[in-house]
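Hi,

Here's the structure I promised to pass on.

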Amino acid sequence: MKTRDLTYIGIMVALIAVCAWITIPTVVPFTLQTFGVFLAVALLGGKRGTLAVLVYLLLGAVGAPVFAGFTGGPGKLLGMTGGYILGFLVQAAVMWLGERLMGRNTASFLLFGVLGLAACYLFGSLWYLYLYTTSNGPTGILAVLGQCVLPFLPMDLVKLVLALLIGKRLARPLGYAWN
């Protein structure tokens with residue numbers, strides 16, 4: 001990997017962290033992290049975008065305050081909303097898979113962006129459901145989806161489209177052109 005690639009990955013890690021710090025506190029904090037993940041893949045492509053998300057997660061895991069509310073550490077990743085944070089890696093990986101299968105184009109980005117978001121939501125919701133049930137008693141998946149997914153879905157889809165528009169505009173000058 002070239003020095004330029006590593007530099008851009010580092011910049012995207014910082015951008016995802018800044019996006020995490022822009023927070024509206026709720027049960028699952030409303031942040032711009034999903035936008036950062038979408039933008040990393042849109043700008044850098046699937047492989048480098050996924051690496052940026054992985055580095056972001058590793059920084060948070062060792063305690064760097066890169067998550068929502070300037071938090072970090074393994075406790076945050078293993079907590080109730082940790083599944084959604086870890087799900088960002090699944091989201092980026094699904095988008096990388098789409099790029100490998102269909103190429104780096106608008107249709108692939110949107111289709112696999114939605115599928116990646118769904119995978120992130122599924123991973124995070126099952127994680128949340130398990131931890132909530134073990135600590136607070138039984139609840140249903142519909143309650144979890146109503147509290148942790150549905151309020152975020154419309155804005156996450158807007159973030160996907162914005163990342164597409166910005167990514168297509170800026171990827172070429174960075175040397176990562178779209179098809």
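At what angle do helix α2 and helix α8 pack, and how far apart are their axes? Before the answer, one caveat: this is a predicted model. In it, α2 (residues 33-44) and α8 (residues 153-174) pack at about 30°, and their axes are 8 Å apart. Angles under 35 degrees count as roughly parallel, so α2 is roughly parallel to α8. The crossing of α2 past α8 is right-handed.

As for who does the touching, α2 contributes T34, F35, F38, L39, A42 and L43. On the α8 side, the contact is made by D156, K159, L160, L162, A163, I166, G167, L170, A171 and L174. Sorted by type, the residues of this α2 and α8 contact come out as 12 nonpolar, 2 polar and 2 charged.

D156 lies in helix α8. Is D156 buried or exposed? Its relative accessible area is 4%, and the cut-off for buried is under 20%, so D156 counts as buried. Leaving out residues up to four places away in sequence, D156 touches T34, F38, L117 and Y121.

F38 is the other one. Setting aside its neighbours within four places in sequence, F38 is in contact with Q91, M95, F109, G113, L117, D156, K159, L160 and A163. F38 also shows up in the largest nonpolar core, which has 45 residues. The members of that core that touch the most other members are M12, F38, V53, Y56, F67 and F109. Helices α1 (3-21), α2, α3 (46-61), α5, α6, α7 (141-148) and α8 each supply at least two residues of this core. Which helix gives the largest share? That would be α2, with 9 residues.

The axes of α5 (residues 82-102) and α6 (residues 106-136) come within 7 Å and cross at roughly 155°. Anything over 145 degrees counts as roughly antiparallel, so α5 is roughly antiparallel to α6. Here too the crossing is right-handed, with α5 passing α6. The residues of the α5 and α6 contact divide into 20 nonpolar, 10 polar and 1 charged.

Cheers

Notes. Residues are numbered from 1 along each chain as its sequence is written. This is a predicted model: local features need pLDDT of at least 70, side-chain atom pairs count only at pLDDT 80 or more; totals for chains, interfaces and linings use all residues. Side-chain values use heavy atoms; hydrogens and water are left out. Axes are lines fitted to C-alpha atoms, for helices over the stretch in contact, and angles run from 0 to 180 degrees between N-to-C directions. Helices (H or I, at least four residues) and strands (E, at least two) are DSSP runs, numbered from the N terminus. Angles under 35 degrees count as roughly parallel, over 145 as roughly antiparallel, 65 to 115 as roughly perpendicular and the rest as oblique. A crossing is left-handed if the near helix is turned anticlockwise from the far one by less than a right angle, and right-handed if clockwise. Contact means heavy atoms within 4.5 Å. Ala, Val, Leu, Ile, Met, Phe, Trp, Tyr, Cys and Pro count as nonpolar, Asp, Glu, Lys and Arg as charged, and the others, Gly among them, as polar. Buried means under 20% relative accessible area, exposed over 50%, partly exposed in between (1.4 Å probe, protein chains only). A nonpolar core is a set of buried Ala, Val, Leu, Ile, Met, Phe, Trp, Tyr and Cys residues joined through side-chain atoms within 4.5 Å.
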